Amino acid sequence: MWSFPIDYIEPVFRPPSEARSLILPLTNGCSWNKCTFCEMYTQPQKKFRARKDDEVLADIERTASAFDGQVRRVFLADGDAMVLPTRRLLWVLETLYDRFPALERVTSYCLPRNLAKKSVEDMTALKAAGLQMLYVGMESGDDEVLARVNKGETAESTRSALLKMREAGIKSSVMVLNGLGGKQLSEQHAINTAKLCNDTQPDFLSTLVVSFPQGEERFRAGFGDGFEPLDQPALFSEIEQFLSHLELDNTVFRSDHASNYLVLKGRLGRDKQRLLGEVRLAIEQPGAMPLRQEWQRGL
């Protein structure tokens with residue numbers, strides 16, 4: 001009986017835009033794995049390890065034999081393949097483009113901290129070898145919020161990583177978490193996150209709403225008794241404040257994840273006023289804009 005050529009350690013995650021990509025694990029789990037809002041790699045079987053070259057090569061060879069000429073996109077998994085040394089990443093890229101002649105792009109998640117030891121020359125070499133884009137969880141541009149959720153990053157570490165990527169010509173897809181600071185830190189979260197986006201001008205920017213399928217206990221520990229979650233109107237107000245402070249030149253903006261109540265799509269700054277108008281309409285006239293129902297947000 002035929003089986004898929006890669007034996008994944010479940011669960012496996014990838015960005016929505018990588019739905020048609022081959023998911024190739026270079027690591028298992030996440031090298032940081034301490035963010036209190038993230039449940040992606042908390043299962044025991046997802047304990048972090050870098051996979052050996054012979055394991056990766058075997059996956060590539062089996063996939064090339066099974067899907068000869070059909071692989072056009074590859075996403076490097078799990079949480080942060082960029083933790084690997086540049087020389088290993090270059091070997092992977094060279095092997096992928098050699099074995100998949102129709103390959104058009106390779107992408108990966110990326111923790112900003114993992115680029116601290118990589119030079120612009122390293123990143124430029126990775127771009128030349130075929131690394132097209134990195135997905136970066138900014139989450140917030142506010143240092144207090146980042147500390148409360150144990151992100152292991154600062155606004156400056158994220159800024160440095162994104163600017164290094166831009167200088168090397170690697171595209172960035174940045175994710176921000178709406179509601180991450182709760183009511184107490186909502187304003188500074190919105191304003192400082194917008195400022196960090198303005199400083200770095202990401203190619204793609206998306207917002208998600210923070211949610212906790214496995215419970216909030218771990219997350220709330222970082223706030224003591226001070227965390228009050230944002231209700232739907234407050235989430236809209238935070239997005240309105242975030243958008244109003246953005247000064248982006250040419251960024252594709254999406255707020256269409258299953259966690260978002262209000263779907264927003266556009267290009268910033270061209271569509272800034274339209275998007276602000278849609279958010280303000282949802283705030284001022286509840287029911288005027290189509291909203292996702294609560295049950296849909298868990299899909």
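**Second largest cavity.** I listed its lining and found Val176, Leu177, Asn178, His189, Ala190, Thr207, Glu238, Ile239 and Phe242. For the term, I took a cavity as a set of points, on a 1 Å grid over the protein atoms alone, where a 1.4 Å probe fits but cannot get out, and lining residues as those with an atom within 4 Å of a point. This cavity holds about 40 Å³, a volume being the space filled by probe spheres set on the points, which are joined across faces, edges and corners. β7 (171-178), α6 (182-200) and α8 each give at least two residues to the lining; helices (H or I, at least four residues) and strands (E, at least two) are DSSP runs numbered from the N terminus. By class I noted 5 nonpolar, 3 polar and 1 charged, with Ala, Val, Leu, Ile, Met, Phe, Trp, Tyr, Cys and Pro as nonpolar, Asp, Glu, Lys and Arg as charged, and the others, Gly among them, as polar.

**Ground rules.** The model is predicted, so I kept to its limits: local features need pLDDT of at least 70, side-chain atom pairs count only at pLDDT 80 or more, and totals for chains, interfaces and linings use all residues. Residues are numbered from 1 along each chain as its sequence is written, and side-chain values use heavy atoms, with hydrogens and water left out.

**Largest cavity.** My search of the whole structure gave 2 cavities of 30 Å³ or more, and the largest holds about 80 Å³. Its lining includes Asn178, Leu235, Phe236, Ile239 and Val279. Helix α8 (residues 232-245) supplies the largest share, 3 residues. I noted 8 nonpolar, 3 polar and no charged residues there.

**Helix α9.** Which residues of α9 are buried? I found Lys272, Leu275, Leu276, Glu278, Val279 and Ala282, buried meaning under 20% relative accessible area and exposed over 50%, partly exposed in between (1.4 Å probe, protein chains only). They lie on the same side of α9, because they cover an arc of only 160° around the axis, taken from the directions from the helix axis to the C-beta atoms. They pack against α8, β9 (251-255) and β10 (264-268), with contact meaning heavy atoms within 4.5 Å. Exposed Gln273 and Glu284 sit on the face turned away from the buried side.

**Helix α5.** Among its buried residues I wrote down Ala155, Arg159, Leu162 and Met165. Their cover includes α3 (120-128), β6 (131-139), α4 (143-148), β7 and α6. Gly169 follows α5, with a positive phi near 90°.

Conventions. 1 Å grid on protein atoms, 1.4 Å probe; cavity = no way out; pocket = protein on both sides within 12 Å on 5 of 7 lines; lining within 4 Å.
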